[in-house]
Amino acid sequence: MPAPADAGAVLLALGAATLGESGGQPMEPSIRPAWPGAGIAAPAHTVRCGPGDNLAIHVAVADAPAGSALVVEAAAPLERGYWGEVLTTAAQARHLAGLVIDGGVRDVAALEAHRFPVFSSAIALPGATKVGPGAVGGRVRVGGVEVAPGDWVVGDIDGVTVVPGDRLTEVTAAGRARAEREAGLFQQLREGRTTLDLLGLDPSAIERID
């Protein structure tokens with residue numbers, strides 16, 4: 001079943017942390033936004049790069065459907081600039097939503113100026129070769145999570161969470177329910193309740209020292 005037209009906006013509003021606690025799969029904390037304020041919620045177009053090589057990314061930018069995010073598994077060495085301003089300009093011209101890569105990117109100031117959402121495990125200066133091998137499509141492993149084409153990636157300042165495409169409705173509903181519960185919790189905390197009471201925590205294991 002196709003995703004609702006507003007799925008990306010809903011997922012981004014819920015956020016990576018909430019969705020990661022609601023059935024999504026959080027990526028490793030090494031996957032971070034390349035610039036402050038970057039946010040993404042889009043279906044994955046998967047890519048696998050050869051060692052230090054980004055030819056597959058160039059192919060994916062040319063082929064990926066508008067509105068999709070490239071999710072890239074890079075082979076070692078990861079400390080290469082697999083992505084920069086040139087690919088960003090090409091991706092924006094083709095209306096791609098962003099990039100998640102377990103590898104390096106560069107031209108960070110330009111990425112921020114373009115407002116193109118990028119999440120990566122490193123910032124790196126050395127460029128990548130463009131001869132292959134690599135692959136576009138199929139399952140990849142990025143940030144410790146298996147990602148299939150059509151899974152959704154949701155990234156913000158907290159990191160990136162993967163929402164399996166066949167569980168989009170379920171995880172979104174669970175995320176909404178969690179957000180509603182937390183809104184009630186916040187109100188009770190402002191009224192003077194404690195997290196010990198509201199979460200049913202047992203403080204007896206903690207030594208209080210005068």
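Guide: Helices here are DSSP runs (H or I, at least four residues), numbered from the N terminus. The model is predicted, so local features need pLDDT of at least 70 and side-chain atom pairs pLDDT 80 or more, while totals for chains, interfaces and linings use all residues. Residues are numbered from 1 along each chain as its sequence is written, and side-chain values use heavy atoms, leaving out hydrogens and water.

Visitor: Which helix gives the most to the lining of the largest pocket?
Guide: The 14 residues lining the largest pocket have Asn54, Gly81, Gly84, Arg106 and Lys130 as those closest to its centre. By class, the lining divides into five nonpolar, five polar (Gly among them) and four charged (Asp, Glu, Lys, Arg) residues. With three residues, the helix that gives the most to this lining is α4, residues 85-93.

Visitor: How are α3 and α4 oriented to each other?
Guide: The axes of α3 (residues 55-63) and α4 come within 9 Å and cross at roughly 20 degrees. Ile57, His58 and Val61 in α3 meet Leu87, Ala90 and Ala91 in α4 (heavy atoms within 4.5 Å), and this contact has five nonpolar, one polar and no charged residues. Angles under 35 degrees count as roughly parallel, and α3 and α4 are therefore roughly parallel.

Visitor: How are α1 and α6 oriented to each other?
Guide: Helix α1 (residues 7-14) and helix α6 (residues 168-190) pack at about 40 degrees, their axes 10 Å apart. The contact is made by Ala7, Val10, Leu11 and Leu14 of α1 with Leu168, Thr172, Gly175, Arg176 and Ala179 of α6, which divide into six nonpolar, two polar and one charged. The helices α1 and α6 are therefore oblique.

Notes: Axes fitted to C-alpha atoms, helices over the stretch in contact; angles between N-to-C directions. Helix = DSSP H or I, 4+ residues; strand = E, 2+ residues; numbered from the N terminus. Parallel < 35°, antiparallel > 145°, perpendicular 65-115°, else oblique. 1 Å grid on protein atoms, 1.4 Å probe; cavity = no way out; pocket = protein on both sides within 12 Å on 5 of 7 lines; lining within 4 Å.
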